[in-house]
Each structure stands twice: as structure tokens, then as C-alpha cells.
Amino acid sequence: MPATPLGALQPRSQVVDRAWRELGPGLEPLSGPGGAPLTRAVKLLVLPLVLRPVLRPELAGDLLTAEAADLAAGLLRADGTRLAAAARWFTLLKRVRRALRVVGGNPQDLYFQRCYELAAEHGAPELPAAEETARQVVLELAARGDGRTVDALKAHLRDPVRARAADEALSRAWEDRAVPALPGPVPHTDALTLADAVLEGCAAPGGPASDRRDSDRGAPSARTHGAGETGRRNAGGAADPGTAEKALAALVRDLHGSRLGAALWVSGSVAAWGAEGAPSHLGLSAGPVPARPGVGSTASTAALPAPLDRTLYERVFTVLRAPGHPDLPPVPELVAAETARSCSPLGLSDESLRVALLVGGRLAAGLDPLGTDPGPTRAHRAIDRRWRRESSVARARRMTVSPPAPRSAADAPSGPLGAGLPGGLPQAGGSPRADGAPTPGPSAAALPGPGTVPDDGATGTRAPAPPLSGEDLLAGLGRSLRTPWVAYTRRLWARLHGRDVHAAGIDGPAELWSLLDGVAYSVLMDHRARVRAALRTLTDTTSGSAA
Amino acid sequence: MTGIEVRAEEGGVSVTVAGRGRAAAFGRSVLDAAGALLTWPDITGRGSDGTGAVRPGTSGGAVLPDAFVDSVSDAQTWLWAVYGAGVARAVDACATGRARTLRTSADPGALAHDLHRLATGHWAARWWPASHLDGIPALDADLLGLELAALTHRCQQVWDADRDPAAELVLEHRAGIAPLIGWWRADPYAVADVLAAVRAVADDAGLDGDDLDELAAPAAPDGVRAPADPYAPPPGTAARAGVIAPHWPRALPDSHALAAGGVAGLPPGARLIARGTGTNDWCRHPPGFVDASEEAVTWTAFAHGSRRAVRVSAVAGTARPAPGVRPVAEVGADGAAPARARCERTADTWTGVVDTALPDTAAPALDVQVVLPGFDPGPQHPDAARRTREGLRALARRRLAAAAPPGSGHGSNGAVRSEDPGAPDGAGPDPAPFLAEVVAAHIEEDF
């Protein structure tokens with residue numbers, strides 16, 4: 001392949017930006033204040049529907065050759081009228097949405113692609129007929145999730161007959177579990193060796209780790225330029241992605257995920273994750289052994305128990321609150337499937353997802369956000385690096401938590417503070433303000449649960465204890481960094497559970513790493529949001545601003 | 001043109017503006033871009049001592065951030081717009097292993113200037129050195145937050161499409177919407193562009209609520225255009241015209257007791273040993289807990305019978321701590337582990353009495369600080385921190401001067417105006433003032 005001179009390549013986003021501006025007026029509803037296309041317009045319209053790199057690999061990379069740039073600009077030019085029509089539909093849909101008082105969801109996410117379809121079908125909207133079309137579209141999209149809502153779940157399980165049936169079904173499924181005899185170390189040594197191989201290989205540079213989140217960018221970057229003269233592959237490359245692939249396949253084939261899950265049903269198992277203080281279930285349950293799930297009838301995103309302690313209601317509730325719920329089967333089917341799932345190993349039915357929890361658990365147990373030593377695998381090092389950068393970010397943002405005391409002194413009653421405090425710690429004052437809490441995202445289910453793990457004082461308690469003061473909240477957040485596996489495995493479980501409900505297993509190390517890395521990123525964002533919320537409780541919330 | 005070094009690192013690619021120093025952490029500003037962390041290593045742009053000592057050849061060097069790119073394909077959506085296509089190509093080359101280090105140059109465009117202003121605003125939201133003692137008024141947090149939301153919206157192409165930091169800011173500071181609309185009714189041209197941008201953010205994200213509905217269709221005063229145009233010129237242009245904000249709340253309480261620290265407050269019969277000024281390390285307490293002046297923390301060491309103790313006073317800041325949230329006074333002597341005592345709030349002062357062994361000298365050298373446990377990240381190097389604080393106070397004064405009407409207190413007290421031709425060569429002008437700074441610069445006149 002002939003090497004293209006570096007200087008001739010143009011960033012694809014720049015090519016799109018320039019061509020977009022040349023389309024002239026009419027695109028404002030899809031553009032930012034400076035005239036550039038909105039990020040979502042690029043992600044949801046320009047790339048998947050106009051440039052379509054899946055069909056045109058030469059447009060798939062971040063940098064384009066001159067010919068590819070011409071092709072991209074031409075495609076946008078040819079679509080200018082349709083995009084302008086889509087922009088007018090978008091404005092109309094937003095107006096109708098407000099008039100109908102429809103709320104929920106981001107209008108750009110909901111309507112962009114639909115507007116593009118409407119533009120193909122009708123051209124620009126022509127009033128008054130378009131008004132009715134817009135009404136139908138807004139209502140139809142708003143009704144998409146009907147029958148798959150928390151209300152439907154509530155109604156379903158409120159019926160005493162159905163609730164009793166669910167309870168009996170849970171009992172039967174729980175009895176039918178294949179509980180092993182006393183297991184050895186959990187997880188099995190072979191499983192850990194294989195997990196380490198996966199973690200070493202999946203995060204290798206040049207490997208699958210280019211995108212932080214699963215995205216619809218089409219084909220992976222097709223680099224049209226050959227190896228340059230200036231350098232070689234980044235940072236060694238001792239890990240062979242093929243090794244990771246084989247190790248992952250072996251874990252699935254030998255049912256190591258199921259074996260891990262079944263071992264957690266037996267009391268007396270010995271945790272072998274390699275992290276001091278980590279229980280064999282890594283905090284997925286509050287007790288030593290998870291009990292049979294209950295049916296339940298309520299849930300609160302702010303106070304969800306540990307994953308394996310959640311009721312049937314709580315498990316279905318979390319998936320109904322997540323994006324994508326309109327695509328799920330109706331509630332009765334969801335409840336039936338969840339009954340079987342909740343009595344399966346790790347509360348998951350797909351083996352590749354159970355194995356993902358095993359590999360992710362190994363990752364989480366080896367994380368060391370506060371340390372300086374290099375972690376055991378590439379994946380550990382990649383995630384530790386981000387956490388370690390975070391401490392300087394927190395300092396720059398004046399959003400710090402006190403560094404936790406060393407493990408030994410952690411729970412000593414008199415820390416350095418003890419001596420000078422006649423009355424001990426101040427009585428809890430500002431209770432966490434409800435509206436100041438971070439907006440619970442779809443997977444907020446994975447936030448560490450209340451009081452279930454000794455070190456996890458971050459989320460308030462359900463017990464009638466006094467509300468935690470901001471100072472205690474901050475100290476708890478600082479301490480939680482010493483047990484990073486708690487937040488990580490809970491967040492991971494929630495993601496895996498969501499995938500399981502959507503029947504989306506994990507195929508290969510690339511997809512696994514994308515997930516594991518994305519979970520690490522979310523946990524970091526959760527941590528930030530909690531620090532922010534805790535800091536807010538330090539000031540009198542009745543006074544609004546500092547003025 | 002600005003020299004840029006692009007380098008392959010473990011886990012990413014770094015983009016560094018050549019020849020810049022780094023301030024202490026609290027003199028930096030950071031933003032999360034899609035696929036990268038952006039850092040302005042010295043938000044004053046003039047060296048951490050604030051004297052304007054900038055190395056040669058770094059013209060425009062304060063505007064551009066350093067970047068640590070950890071997801072190259074995410075970052076490729078905006079790298080070219082901030083640094084130019086050359087840097088975008090260099091990042092690609094380093095990410096794909098065709099180069100380890102490349103030197104190139106960048107020419108910051110409009111987006112880079114907007115980002116720099118945003119970074120400055122985020123710094124101000126957390127570190128603005130509000131001080132009664134120093135005559136630096138506080139900024140209205142919600143007004144600043146809404147203007148930052150507007151600016152975040154202007155920079156929309158830089159953020160991750162799955163997160164919307166502008167909408168988060170609008171929600172967090174929605175308490176400022178009603179006053180902003182009130183201001184707009186009284187003086188439409190001062191705030192129309194910020195209001196229009198906030199409205200566009202709420203509209204794009206589908207935010208709702210009574211205050212936001214009001215934002216969607218505010219009743220316009222007679223003969224005034226509605227703020228309908230979300231694509232208006234940059235915010236701040238009106239603010240620079242010197243519009244006075246009517247009816248804005250005062251930014252500081254009416255009265256401040258001067259720092260205590262005299263003999264008053266000592267137990268009867270106590271013998272004064274020494275007094276001094278402590279260290280006011282901003283990093284060890286949250287915004288608004290303690291007046292930001294270097295003189296805000298004072299101490300008096302005394303003897304009372306066999307007791308030796310230090311009474312520590314700190315001028316309180318503008319925040320109202322929640323009940324029970326009190327900083328502690330920390331006294332260190334001779335390198336021993338510091339002793340601590342919880343402070344009490346009386347009027348505008350925090351006071352704590354720390355029992356501690358005192359060295360047997362006539363004038364003990366004590367290290368006295370006020371810190372909030374749970375928040376406090378620990379002590380830092382005192383001299384570097386003091387220099388950084390001085391540079392940041394100078395930045396605040398410069399910004400207030402630029403925000404004040406000509407001939408007013410801030411403009412005429414010797415501070416350098418941002419457009420002043422006497423500004424150090426290469427330092428460049430500071431980003432345009434924020435509405436909250438304009439308000440503060442006017443309120444300051446009332447002292």
C-alpha cells in the first residue's frame with residue numbers, strides 16, 4: 001500500500017465542518033452557536049446516514065485522504081436540501097412536543113433520525129398538514145415504551161395472585177439451583193490465570209481499546225497510510241491479542257462464570273481475588289451468602305441494595321429505567337425471565353456475561369487508585385492511570401476528599417482529629433439535599449448500596465441512623481477509594497444485567513474491554529458526582545448561591 | 001503561532017504547549033473534553049508569581065490548553081478546531097505508532113479562545129479569592145454558572161455527545177434564571193445573549209420546570225426584541241460596554257468584624273506569649289469558608305497557669321456552612337504533629353483554642369492553619385502556594401478592573417486593565433469579563 005504523505009490527510013470532522021458550513025443557512029437547528037454541526041447531528045445523522053462509512057471504508061478513519069475528503073464533501077452537498085428539511089422538521093417537532101407537554105428523553109436523540117426520514121418522505125414540512133404529522137410522531141415516540149414502564153410493573157405485581165405466583169416460581173427456581181459442595185478458593189486458580197491473560201491482552205495498544213464507549217462509527221478505522229519512517233508500534237506490544245481471545249474462549253467454554261456464581265451460593269468459600277479484605281462475592285451481596293430474592297413491590301434508585309440482594313421488582317425496575325426499554329418484551333415476560341435469571345449463577349443467564357463479571361472482578365480487585373505501583377496487567381494500569389490523574393483534577397477543581405488514613409488506623413476511634421474535640425465529631429447537620437444528588441443515570445443501580453459494606457458510607461443509610469454530615473460523607477468517599485472493587489463490580493453487574501435482559505452477550509476481548517473501560521469511566525464519574533453532592537451539603541442549601 | 005509537542009505516552013497521547021510553567025494545582029484549570037483531559041497549567045497566564053514573566057516565543061501560549069488524549073478517535077472530532085489540523089495529524093501519527101514525539105505549531109482559533117474563557121470561569125467558580133480584607137468582592141455563583149452554561153454551549157463540539165455539561169450547569173444554577181430574566185427585562189441588551197444561549201441549552205436538552213418554561217417565553221418589555229436568537233454574538237460583549245446591573249444582591253455581608261487575635265477572648269488572667277499571622281491555604285477548605293486574604297488567619301499564644309494554648313481566629317467567608325459543619329484550627333510547632341481544635345462561628349469569625357505544648361522561646365514560630373476535615377487534602381509547600389495565591393489575587397483584580405466602568409475604584413486603583421498596552425509582552429489579554437464580575441465590580445463601589 002503506498003504511503004500517503006501525512007500532510008495531505010485531513011481530519012474527517014474538519015471536512016464535515018467545512019462542507020456543512022458551505023450548505024448555507026437553514027441548518028441552524030442542527031448546528032451549534034458557532035455554526036458547526038451539533039455533535040449529535042454528526043453522530044446520529046452525518047456519519048451513519050450521509051457518509052455511511054460502513055459502505056465506504058475510505059470514510060471510516062479519523063483522517064481522510066484528499067479523494068476521500070472530496071467524496072465526503074460531495075455526499076454532504078448532495079444531501080443539503082434534505083438536511084435543511086430535516087432541520088425544519090426538528091424545529092417543528094420540538095415546538096409540538098412542548099405544546100403537548102411531552103417530557104422525557106433528549107429531543108435530539110429522539111427526533112434527529114426521524115426528522116431525516118420525514119424529510120425524505122415529505123420534504124420540508126408544509127403547514128398545516130405537517131403539524132398533524134408532527135403530532136403523531138411526537139405521540140408515537142412518547143408512547144413507544146407503553147407496557148414497558150415502572151407503572152406497568154407496579155400494576156403487574158400489585159395483583160396478589162400474580163405476586164404469589166412469582167413468589168412460588170422464585171422458590172422453585174431457587175430449589176433447582178445446582179449448589180456445589182464446599183468449593184475451594186473463589187475464583188478457581190485456573191480462572192484467575194485465564195482472566196489475567198484476557199486483561200493483559202484486551203487493553204493492548206493498537207488492540208481494541210480505541211473507543212471509550214461502544215459507538216456506531218461503522219467499520220474500525222481503515223488506515224490507508226503505511227507504517228511511517230519515524231517510529232514503531234507504541235509501547236512494546238508483548239501481549240498477543242490472540243492469547244486474550246483464546247483465554248476468553250476457554251473461560252466461556254469451561255463455564256468458569258457459572259462456577260464462580262455457584263460457588264458464591266456456598267458459605268465458607270475462601271476469597272482468592274488477590275485483594276486484601278475483598279469477600280468472594282466482591283460486595284455483590286451484603287451478607288456472606290446471597291439469599292433467595294424476594295418479589296418486592298417498591299424500589300428507589302437512591303437506596304438499592306447490593307445486586308444479588310435485590311428483589312425481583314428492583315431488578316426489573318432498573319432495566320425499565322434504562323435507555324432502550326421500549327425495545328424490551330412486555331412486563332409479564334420480563335418478570336418471568338427475571339425470575340429464572342435471578343436464581344441463576346451471578347444473577348445472569350448468559351455465560352459470556354458471567355465470565356465478563358469474573359474478568360471484571362479480577363480487574364476491580366487489582367485496582368489501586370491511591371497507589372503508585374504499576375498494576376498486574378495492562379488493563380489495571382490503564383484504569384489506575386486514569387484514577388491517579390483524577391487526584392490532580394480534583395485538586396484543580398477544589399473538589400477534594402481527605403486522603404484516607406492508612407488501613408490499620410482507618411477505623412481507630414481517635415484519628416488525628418480526636419484530641420482537640422471535646423464533643424467528638426459534630427452532630428450531623430445538613431442532611432443530603434434531595435435535589436442536589438446526582439441525577440440517577442440508567443445504571444445508577446450500581447451505586448454502592450447503603451451500609452451494606454463497612455467502608456461504604458457514601459450513600460446514606462436506610463437504618464434510622466442520623467443523617468451523615470457532609471464531613472462524614474466526604475470521609476466515606478475517601479475511604480471507598482481503598483475498596484475500589486465495591487463500586488466497580490456493582491456498576492459492572494448493572495451493565496451486564498442490562499445486556500442480559502436485552503440478550504446482548506459479549507463477543508471477544510475488544511467488546512469486553514470496551515465495556516470494562518466504560519464501567520471504569522462511569523465509576524469515576526459517579527465518584528465525582530458524589531463528591532460534588534457531598535460538598536453541597538457543607539453549605540446551607542437554603543441560601544442558593546454564595547452571594 | 002504556538003509551539004506544540006505531541007508525544008506518545010502509555011495509555012494515550014499528550015499534547016503540550018512548549019515552554020510553559022505550571023502553577024500549583026489551584027492555579028490550574030481543567031476541562032473534560034471528549035476523549036481527553038484539557039489542562040491550562042497556569043490560569044493567570046503570567047507565571048505563578050503574577051509578574052508576567054513569560055518565556056519568549058510563547059505568544060498566545062496562555063490560551064491553548066495542554067491535552068492528555070486517552071481516546072484518540074473521540075478527540076479527533078475537535079482537535080483540529082482547537083489546535084489546527086497539523087496537531088490532529090500529529091496525534092494520529094503518535095497514536096498509531098508512526099511517531100513517538102513530534103513538534104509542530106498551532107494557531108488558536110475562536111474555539112480555543114472560548115475554551116480558555118470557559119476554563120477561566122470554572123477556575124473563578126471554585127477559587128475566586130473573595131475577601132473583605134483585600135477588597136475583592138464575591139461573585140454570584142448562579143449568575144456565573146449560567147454564563148458558563150452559555151459558554152459551554154458555544155463550545156459544544158468539544159464535549160462528549162453522551163454527556164451534556166451545559167444542561168448540567170443550567171440545572172445546577174437554575175436559581176439564577178429568574179434574576180437573569182429580571183435583569184433582562186430591565187436592561188435587555190446586557191444579558192440577551194447569555195439568556196438566549198441558556199434557553200437554547202434548555203431547549204436542546206428537553207429540560208423542563210416552571211423556571212425553565214419562563215425561560216422559553218419570557219414576557220418581553222414593550223418595544224424590546226425577545227431573546228430569540230440563540231446564535232447571537234459571544235456573551236460578554238454587552239458586559240464590556242459597562243452596563244450596570246440593577247437590583248442585584250450585594251455580594252458581601254454588610255459588616256465584617258476585623259480579624260480578632262488581640263487579647264480579647266483570652267481567659268481572664270491569661271498571659272499573652274506571642275501573636276502572629278497564620279497560613280491561609282485555600283486548598284484546605286472549600287470555597288467561601290474563610291476569607292481569602294493572606295491576613296485572614298491570625299493567632300495568639302497564651303499561658304494560663306500551667307496551660308499553654310493558641311487561640312486561632314479566621315475571618316469567615318461568604319458561604320453559610322450547614323449546621324455542624326465547622327473547620328478545625330491546626331497548630332504545629334517545631335515540626336511536631338499538629339494539634340487541632342474545632343472552631344466555633346461567632347458573627348463573621350471562626351475561632352478555635354488549641355491546647356498545645358509551646359516551645360520555650362520568647363517568640364515561638366508556629367504554623368497555624370484552618371482546615372476542613374474530610375475535605376482537606378493535606379498541607380502543601382507554603383512558599384509556592386503563597387506565590388500562586390498572589391498571582392491569583394492579581395488575576396482577580398485585573399479582571400475586576402476590566403469589568404468596572406472607567407474611572408471607578410477598580411479601574412483607577414493601579415490595577416492593570418486587560419487591554420493595557422503595558423501588559424507584559426506575550427501574556428495576551430485576559431478573557432473578557434463575566435457578568436458576575438461586572439456585578440461584583442459595581443458592588444465593590446459600595447464598600
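B:His113 is partly exposed, with 17 other C-beta atoms within 10 Å. The model is predicted. B:His113 sits in helix H4 of chain B, which covers residues 110-127. Outside the four neighbouring places in sequence, B:His113 touches B:Val63 and B:Pro108. B:Val63 lies 50 residues away from B:His113 along the chain, yet the two C-alpha atoms are separated by 6.2 Å.

Chain A contains 18 helices and 4 strands. Of its 547 residues, 47% are buried. Among contacts in chain A with a separation of 6 or more, 78% join residues 24 or more positions apart.

Helix H14 of chain A comprises 15 residues, 351-365. At 1.5 Å a residue, H14(A) should span 21 Å, and its end C-alpha atoms are 21 Å apart, so the two values agree. H14(A) is mostly covered, with 15 of its 15 residues buried.

H14(A) packs against helix H9 of chain A, residues 189-202; the two axes come within 9 Å and cross at roughly 80 degrees. H9(A) is therefore roughly perpendicular to H14(A), as the range for that class is 65 to 115 degrees. On the H9(A) side, the contact is made by A:Ala191, A:Leu192, A:Ala195, A:Asp196, A:Val198 and A:Leu199. H14(A) contributes A:Leu358, A:Val359, A:Arg362 and A:Leu363. The residues of this contact divide into 8 nonpolar and 2 charged, with no polar ones.

Notes: Residues numbered from 1 in each chain as written. Chains lettered and ligands numbered in written order. Predicted model: local features only at pLDDT ≥ 70, side-chain atom pairs only at ≥ 80, totals over all residues. Helix = DSSP H or I, 4+ residues; strand = E, 2+ residues; numbered from the N terminus. Buried ≥ 20, exposed ≤ 12 C-beta atoms within 10 Å, placed from the backbone. Contact = placed C-beta atoms within 7 Å. Expected span 1.5 Å × (residues − 1). Axes fitted to C-alpha atoms, helices over the stretch in contact; angles between N-to-C directions. Parallel < 35°, antiparallel > 145°, perpendicular 65-115°, else oblique. Nonpolar A, V, L, I, M, F, W, Y, C, P; charged D, E, K, R; others polar. Lists of a residue's contacts leave out its neighbours within four places in sequence.
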